[in-house]
Amino acid sequence: MNSKNQAKQILVTLSQSPYGGTLAREAIDYCLAAAAFEQNVQVLFTGDAVLQLIKDQHPEAIKQKNISKTASALPIYGIENVYADQNSLDLYNLKPENLCLPVTVVSTRQIADLLANSSSTLNF
């Protein structure tokens, strides 16, 4: 077994809105840093966090940096498993084509499987 197979599977669950505080940005920064250190990271956007994924955000009016630009870097850092909760997308009437990066839309049952199959889970 090589070292990649032995790597822990980290599931990072984001549930915070994009601009209500610093936690959303810190979560994305954590994911990028962990991936840079070759950790096997999966990211799940659920609840208000799906708002982080909306394309064409304009947070300049509230003097914030666009978090979707940072989130769209996840695949560049090798984070290929990015998930979005179907119920949360439905709550905000969001479709995958409205999002800033490709995601796998998952059901509540599939989220339970992700949690069960992860070595570690971090909730932001």
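Mentor: A disulfide is a pair of cysteine sulfur atoms within 2.5 Å. You're looking at a predicted model, where local features need pLDDT of at least 70 and side-chain atom pairs count only at pLDDT 80 or more, while totals for chains, interfaces and linings use all residues. Residues are numbered from 1 along each chain as its sequence is written, and side-chain values use heavy atoms, leaving out hydrogens and water.

Trainee: Okay, how many disulfides does that rule give?

Mentor: Take Cys100: its sulfur is 13 Å from the closest cysteine sulfur, in Cys31, so that's too far for a bond. Cys31 is in no disulfide either. By this rule the count is 0.

Trainee: Is Cys31 buried or exposed?

Mentor: Buried means under 20% relative accessible area, exposed over 50%, and partly exposed in between (1.4 Å probe, protein chains only). Cys31 has 0% relative accessibility, so it counts as buried.

Trainee: Which elements do the buried residues of α2 pack against?

Mentor: Ala24, Ala27, Ile28, Cys31, Leu32, Ala34 and Ala35 are buried in α2. They cover an arc (directions from the helix axis to the C-beta atoms) of only 165°, which puts them on the same side of α2. With contact meaning heavy atoms within 4.5 Å, their packing partners are β1 (9-14), β2 (40-45) and α3 (67-71).

Key: Helices (H or I, at least four residues) and strands (E, at least two) are DSSP runs, numbered from the N terminus.
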